[in-house]
Amino acid sequence: MQTLPPLRERVTIALEDARLGELLERGTVRYANARRASIDALPHGEALRDRARTIRLTALANLDRYIEQLAGNVERRGGTVYWASDAAAANRYVVDLARRRQVRSVVKSKSMLSEEIHLNAALAAAGVEAVETDLGEYIVQLAGETPAHIVAPAIHKTKEQVADLFAERLGIPRTDSIPELTAAARRVLRERFLSAGMGVSGVNFAVAETGTIVTVTNEGNGRFCTTTPPIHVALMGIERVVPTMDDLLVLLQVLARSATGQQISVYTNLVTGPARPGEPDGPEELHLVLVDNGRSRVLGSEYAEALACIRCGACLNACPVYRAIGGHAYGGVYSGPIGAVLTPLLQPDLPEASILPELSSLCGACQEACPVRIDLPALLLRLRRDAVAGARPAPHVDAAVPQVPAPQAARRADTRLGKGVEQVALHLWALGMRSPRLYRWGARAARLSGRLLARDGRLTRLPPPLSAWARRRDFPAPAALSFGEQWRRAREEQP
Amino acid sequence: MSAEREQMLQSIRSSLSRTRATLMALAGDAVAPLAPGPGSAAEMIERFASEWTRLSGTCSRCPDEAAATAALVDLLRARSVTRLLGWRPEQIGLAGLEDALRAAGIELHDAVARGRPDERVAAVRAFEAYPASVSGVDVAVATTGTLMLRSGHGRGRLASLLAPLHIAVVRASDVVWTLEAAYEHQRRRHGDELFAEASNLIFISGPSRTGDIEMVLTVGVHGPGEVHCIIVED
């Protein structure tokens, strides 16, 4: 994390990686098509999304009530609830618990929150080895990387790369066969499941009315992590709560469809307290760690809607920027449009977090794909405004109360210079737009100089002071004739 | 009541004092849409079987319990299974199951893995070698091809997780149309205290699968790679 290269460099590296581009294109397009088809297959698919939105936002609007109800019911069923206001508190609790129970080996099922708080590093520092058990997460962990996609962590890897990795790290004979690679991971991880002293899971949703923790997986690793080890620790962002079981069933249907196009994931695992006396298996202890880590602050800001996210990854698959650069270029734990919103809010200390919202064309595909219809373009625009305004608090909120720290505007010299130039340019633009003759003259001048500067039909360089702008963008060379000129000529040629 | 808890709740409340109204307005008031219903009970079973098969599960349909027991034994014999992990016979609910298994030389073991960490590890390790498992099913969902299994006395979770082949016995009368209907079915049967005696409710829709390497579908990554349903008419 300390050696993160600058954003521009990360984006350039990703764009120049042709193999990555191919993998991303194939993966995201397939997911996006599967999503569309599975929503369309339901006569009430769009109504289900509307209901999902109502459920998520109602839960957020009453989070104080539902989170207390959830905690009360988890305790009533014999679970232990720990309230962690930040990453350090959450990690401390889990590490202490592992120490007290003399746990040396932990199996983990996918949890983006654990990536956010860097739980694995905290456990490792205490001499506890945590192994990711979702195949994609396991691959990424072996490679020493972070997930490149919310639901497909290893979307950026070819089978040949996985083959090399497994041969090197697991000492198995090198094979490109995907079933054989999967079987190898199964063997290694099965051994871990049998012997781990603690299972750590994420939480897709938690149901307030029953105190039920829900994890959704296709592989079954989530079931193992919550069944074989004597202790189950569930890590949950406070926003994941839903009021009722009926609400859960609606969300499960949109989650699977939006994530992979499945009607429902293979395993939906509902855990309510530790194993009861007389039950033949299951954990002896259940600990639910409720993690705030900036969420309650976001809840009070104009970005609260972002907390409705159900982490399906649909906005990543739909986003032309994500499709081109993949997850690692974003630098934070969360990528794609939702990552460009969440990272400045939840990981504001990440270098250049505040300029991540610029990794968007604002085309609206993310909002269109989002199962709960989060207005991502609006949130991205507001974050851009905040980044430009520096640390000024969002306007409609009371300035007396603590705010989401507007992400430090990591503005570079060229942007600051660009600001003055931009203002002059906008003045000239306004002037030109008011006079047809001036407009035509200006447009012709720009067209001529544009064509002179273009190379192979693209404008990649501009003279100062526009050079800063053009350094990050290229542009097709202007046409020889403007639309107006072409129109006139065509009319003259008509008989 | 811990200080952390109070502090977090206070922080949530103070934030909501500013945004609760906005969030309620954004929430709107969409109600849960009704999925189109089934034509008949027979259509429900058909749909379940077709969805389950589409998920690459397999399925046999039996006119009565005796036929179901025979189908189970045949399946196990065909694979030379001699040790079977599972729910207790009375929880699976097939009359004569124990006798039929015994006659076929197949031992049915209740998957008990509780107690001290070392005892648990030893138990699960022993069960790991079993080639197949059998369980009942509390309710099945036709439209999604989903089995719901409730844990409890004699109803281990490992019975649907550990072995490479899981055989599930479903009663035709326990097949319902939607997820919502399935939950309602359970609530009717067990009341509001559905989870008082059951720490786990699992929805299973097909074999364990992954697409994590180049999105190529591979089954049996951690859970069973083969799932077989025996549907018993009743």
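Strand β9 (residues 267–271) of chain A runs antiparallel to strand β9 (residues 200–204) of chain B, and five bridges join the two. Strands are DSSP E runs of at least two residues, numbered from the N terminus; two of them pair if DSSP finds at least two bridges between them. Val271(A) stands opposite Asn200(B) in β9(B).

This is a predicted model: local features need pLDDT of at least 70, side-chain atom pairs count only at pLDDT 80 or more, and totals for chains, interfaces and linings use all residues. Residues are numbered from 1 along each chain as its sequence is written, chains are lettered from A in the order in which they are written, and side-chain values use heavy atoms, with hydrogens and water left out.

**Extent of the interface**
- Chain A puts 111 residues into the contact and chain B 85 residues (heavy atoms within 4.5 Å).
- About 8,300 Å² is buried between chain A and chain B, with 57% from carbon and sulfur atoms. Buried area is the accessible area (1.4 Å probe) that two parts lose on being put together, summed over both.
- In chain A, Trp83(A), Arg223(A) and Pro280(A) lose the most area to chain B, together 9% of what that side buries.

**Charged pairs**
- Eleven salt bridges cross the interface of chain A and chain B (a side-chain nitrogen of Lys or Arg within 4 Å of a carboxyl oxygen of Asp or Glu).
- Arg13(B) forms a salt bridge with Glu68(A); their closest N and O atoms are 3.5 Å apart.

**Source on chain A**
- Helix α10 (residues 178–195) of chain A gives the largest share of the side touching chain B, eleven residues. Helices are DSSP H or I runs of at least four residues.
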